[in-house]
Amino acid sequence: MSIQPIRLFGDPVLVTKTAPVIDFDKELRTLVQDLTDTMIDAPGAGLAAPQIGVPLRVFVWDVDETLGHLINPSLDLSEELQEGEEGCLSFPELRYPAPRAMRVVAKGWNMYGEPISVEGSELLARAIQHETDHLDGILFIDRLSSEDRKLAMKEIRESEWFNENNGAIPTIKESPHSLFGRNT
Ligand code: ZN
């Protein structure tokens, strides 16, 4: 098991579109394990690969005492929406209401390369939408009302974790995970 440092808002890897997984190999299974260990340690309800500096389409969740992971996801969203507060491990202590679809059907692959389909509502649906957004470089503050987004940005600018970086853009460290033959 290997707990990785979680990248915080301001790190460019969080706004980078990720690449699909091509090789379902041992390295991918290590990535899923690292994501799971890091999420449980945090603790959090979900974690996406870019949050530990790996720009690949992989995420994990821990909702209602059930662990899951999904690779190369595509989502089918219900028209019905849910209200509720949302947070993100890349924005410590920040919580704001974010509208999301009430239900989701997510199709993708597990770490052994088998096609899987995950159906979720409420919190699981919220987590899957939040994590899939991460894979497209979209952050939950992008989903807030413009008023809440302003409040959130103010809170971020005043936060200790953001100011520890002195507003500087952190350098991206070399990922321990290969990019599966891709350079992006
Ligand atoms: Zn997040």
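Keep in mind that the model is predicted. Let's start with the fold. The protein chain has four helices and nine strands. In sequence order the pattern is α-β-β-β-β-β-β-β-β-β-α-α-α. The chain has 184 residues, and 47% of them count as buried. Now the contacts. Take those with a separation of 6 or more: 67% of them join residues 24 or more positions apart. As for the surface, the chain exposes about 9700 Å², with 51% of that supplied by carbon and sulfur atoms.

Next, the aromatic rings. How many aromatic pairs does a search of the whole structure find? Six. One of them is Phe 59 with Trp 61, a tilted pair. Their centres are 5.9 Å apart, and the planes make an angle of 50°. Phe 59 and Trp 61 are both buried.

Now Phe 91 and Phe 140. Here the ring centres are 5.3 Å apart. The planes stand at 85°, over the 60 degree cut-off, so this pair is edge-to-face.

On to charge. The count of salt bridges is eleven.

Arg 57 meets Asp 136 at 3.2 Å, N to O. The two are 79 residues apart. Arg 57 is in the loop between β1 and β2, and Asp 136 is in the loop between α2 and α3. Is Arg 57 buried or exposed? Buried: its relative accessibility is 12%, under the 20% cut-off. Asp 136, at 29%, counts as partly exposed.

Glu 80 and Arg 103 come next, at 2.9 Å, N to O. This bridge links the loop between β3 and β4 to strand β8, across 23 residues. Glu 80 is partly exposed, at 41%. Arg 103 is partly exposed too, with a relative accessible area of 41%.

Last, Glu 86 and Arg 100, at 2.7 Å, N to O. Glu 86 is in strand β5 and Arg 100 in strand β7, 14 residues apart. Both residues are buried. Which network do they join? A network of salt bridges that also takes in Arg 126, Asp 133 and Arg 143.

That's the tour. Questions, please.

Note on methods
Residues numbered from 1 in each chain as written. Predicted model: local features only at pLDDT ≥ 70, side-chain atom pairs only at ≥ 80, totals over all residues. Heavy atoms only, no water. Phe/Tyr/Trp six-rings, centres within 6.5 Å; stacked < 30°, edge-to-face > 60°. Buried < 20%, exposed > 50% of the residue type's maximum accessible area, 1.4 Å probe, protein only. Contact = heavy atoms within 4.5 Å. Areas by Shrake-Rupley, 256 points an atom, 1.4 Å probe, with all protein chains shown as cover. Salt bridge = Lys/Arg side-chain N within 4 Å of Asp/Glu carboxyl O.
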